[in-house]
Amino acid sequence: MGIPRNTGGGVDVLSERAKMMRDAVEKSQSITDNVVNILGSFDHRLSALDTAMRPTQIRTHAIRKAHGNIDKTLKAAEVILSQFDISRQAEVKILKGPHEDLESYLQAIEQLRNNIRFFSNNKSFKSSDGVLSHANSLLAKAISKLEEEFKQLLLSYSKPVEPDRLFECLPNSMRPSSGSPGHQESSGKNRLSNSNAEQNGAENAVFTPPALIPPRILPLLHDLAQQMIQAGHQQQFVKIYRDTRSPVLEESLRLLGVEKLSKDDVQKMQWEVLEAKIGNWIHFMRIAVKLLFSGEHKVCDQIFEGFDSLKDQCFAEVTTSSVAMLLSFGDAIAKSKRSPEKLFVLLDMYEIMRELHSEIESLFIGKACNEIRESAFGLTKRLAQTAQETFSDFEEAVEKDATKTAVSDGTVHPLTSYVINYVKFLFDYQSTLKQLFQEFENGGDSNSQLAAVTMRIMQALQSNLDGKSKQYKDPALTHLFLMNNIHYMVRSVRRSEAKDLLGDDWVQRHRRVVQQHANQYKRIAWAKILQCLSIQGLTSSGGSNSGSVDGQNSSGVSRSIVKDRFKIFNVQFEELHQRQTQWTVPDTELRESLRLAVAEVLLPAYRSFIKRFGPLVESGKNSQKYIRYSAEDLDRMLGEFFEGKTLNEPKR
């Protein structure tokens, strides 16, 4: 297969096409070179334009920055002007004073404070020093006006509390029948015997402290106080509060009846007057702590909310003089001369201080109240100490009592009734005495300690009675006296709480002592007269040969001796009757028992003597001269014994 030789046409076409492509490339290169030249020209022109525009850009940036500074300056000026405006508005309100619109006034003060803070932080302002000086001066005037407003507001609503209003805050059981303090206390004995019941009632009772300042005023006082404290006027504020409230509390106590009495004042008082004042003081202490001081503490809580240390300081300064006025009387009693009758009022005073202990502790808290708190607790300790010493004095005084009080009829001696009543009253104070024993006797069983003290007092009384019984010339009366007094002791113990402490053994032992003295009385008083009714010595020394003048019965008993026996019996019985009807056995049961015991011995002996030897006398002349009394007469006359009749009283 061969190649065509005629290829000239195809080559020409290819050549033509190659030429066309070369021309196109050359044209494209030319265009590219032209474009490059044009772009190069643009770059040169843009560079020249940028160079030409740079100053304009710089001026534009400066202008924009200047505009920004102007805006900032205008805004700052606007703020400053607004502060001036606020300052002018606050000044107008402050110059008007707080009385008309306290809330707006307080707002103005706060605005002024903000104004001061603003200019203090912007001292670059050329007039800031002058503005600050003016604002601070205005603020000082504002606070001064606040102080005056606080003082006037507090003074307007600080009035002494009338006694009747305080009494209305007491539980019903403690309200006096009359508004006067003197009606708060009953007689001494009733007070003593009911003291524990009253104390228990007080511990469980609900006390409602009065509103010493109207509740609606307290928020205003709090806001005023807050502004003054924030301004650094704490001490001025404390002085205003103390000088206003302290006299009000004192006057409230004076209206109630509280007096500031010294030891000398107390020492000069009659006991009845002093006892009444002590009773009133107990009520005053309860009212003062539970009502007045508690009410004042609530006022402080609300006015000084958020300022605890200042609250404690103000409360302490307001109450100091009132507390001192109350405690001074207690101290005067605790330090006055001791005497037995003071023991019970000392225990009463000690009880009220113990009752108020927890409340005093909760009211007078904080360092500022330390002195007041310690003064109150110190009085409690002094009262306890004095009571304990008085108690010891009493035991010694009973044993050494040398009163010359005559008890000619052998009845219960005043010392016995006094001591027994004293001991009975002591048992009304069992819990208090046990507390004392725990404080001063270094622990131990308080019941056994009280029993031991009671036994010592009883023994001291018996020792004293033994000494007093020796003053009687008649031994029979000596035993009657001891019988009466020890019987009184036994009966009183059996009927009181003392029995639980002294025990049945003590009671039985002393009942036997009473019986022993009764037997001794019978033996001594009636032995001689019973001897007259004895058969011994009735026969004459001559036996059956003795003279016929006097006569004898078949037993050889001499009529004359029988007559003498009747005469002696009559004389002795009449003497006994005259003397012993003046003697006294005050206890009805004991008196009847003693008469019966005598009658059981005397009457059978007398009946037997008359039956056996009466016919010897009756057969002679004037038999009634010798046999004056029948057994029934004697029995009736025995019924008149121990009645304590006086000599000029007629016979029954």
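**Figure 1. Overall fold of the predicted model, with 22 helices and 0 strands.** The structure shown is a predicted model. The protein has 652 residues, and 44% of them count as buried. Its accessible surface is about 35100 Å². Carbon and sulfur atoms hold 51% of that area. Among contacts with a sequence separation of 6 or more, 80% join residues 24 or more positions apart.

**Figure 2. The largest nonpolar core and F293.** This core contains 166 residues. F293 and W526 have the most contacts inside it. Helix α9, residues 271–303, supplies the largest share, with 15 residues. Beyond its neighbours up to four places away in sequence, F293 touches L249, A288, F315, T319, S322, V323, L326, L363 and F364.

**Figure 3. The kinked helix α10.** Helix α10 spans residues 308–335. A kink of about 45 degrees is centred on T319. T319 is also one of the residues that F293 touches. Of the 28 residues in α10, 20 are buried, and the helix is mostly covered.

Figure 4. K290 is found in helix α9. Is K290 buried or exposed? With a relative accessibility of 9%, K290 counts as buried, because the cut-off for buried is under 20%. The side chain of K290 makes a polar contact with the side chain of E359. The contact distance is 2.8 Å.

Figure 5. Ring pairs join Y521, W526, F569, F573, W583, Y606, Y629, F641 and F642 into a cluster. Helix α22 covers residues 631–638, and F642 lies in the segment after it. F641 is placed in the segment after α22 as well. F642 is buried, at 1% relative accessible area. Its phi is near 65 degrees, a positive value in a residue other than glycine. F641 also counts as buried, with 1% relative accessibility.

**Figure 6. Surroundings of F641.** Which residues does F641 contact, leaving aside neighbours within four places in sequence? They are W526, F573, L576, H577, Q580, T581, R591 and R595. Two of these residues, W526 and F573, are also members of the aromatic cluster. F641 and Q582 are 59 residues apart along the chain. Their C-alpha atoms are separated by 7.5 Å.

**Figure 7. The Y472 and F481 ring pair.** The whole structure contains 25 aromatic pairs. One of them joins Y472 and F481 in a tilted arrangement. The ring centres are 5.3 Å apart, and the planes make an angle of 55 degrees.

**Figure 8. N484 in helix α17.** Helix α17 runs over residues 475–494 and includes N484. N484 is buried, with 3% relative accessible area. What does N484 touch, not counting residues up to four places away in sequence? Its contacts are G410, T411, V412, T584, V585, P586 and L590.

**Figure 9. V453 in helix α16.** V453 is found in helix α16, residues 446–469. V453 counts as buried at 6% relative accessibility. Apart from neighbours within four places in sequence, V453 is in contact with F391 and F437. F391 is 62 residues away from V453 in sequence. The C-alpha to C-alpha distance of V453 and F391 is 9.3 Å.

**Figure 10. F427 in a loop.** F427 sits in the loop between α14, residues 414–426, and α15, residues 430–440. F427 is buried, with a relative accessible area of 5%. Setting aside neighbours within four places in sequence, F427 is in contact with L450, T454, E497, A498 and L501. F427 and A498 are 71 residues apart along the chain. Their C-alpha atoms are separated by 7.1 Å.

Note on methods:
Residues numbered from 1 in each chain as written. Predicted model: local features only at pLDDT ≥ 70, side-chain atom pairs only at ≥ 80, totals over all residues. Heavy atoms only, no water. Phe/Tyr/Trp six-rings, centres within 6.5 Å; stacked < 30°, edge-to-face > 60°. Helix = DSSP H or I, 4+ residues; strand = E, 2+ residues; numbered from the N terminus. Buried < 20%, exposed > 50% of the residue type's maximum accessible area, 1.4 Å probe, protein only. Core = buried A, V, L, I, M, F, W, Y, C linked by side-chain atoms within 4.5 Å. Contact = heavy atoms within 4.5 Å. Polar contact = N/O pair within 3.5 Å; in protein donor to acceptor, adjacent residues only side chain to side chain. Bend = angle between axes of the 7 residues up to and from the residue. Areas by Shrake-Rupley, 256 points an atom, 1.4 Å probe, with all protein chains shown as cover.
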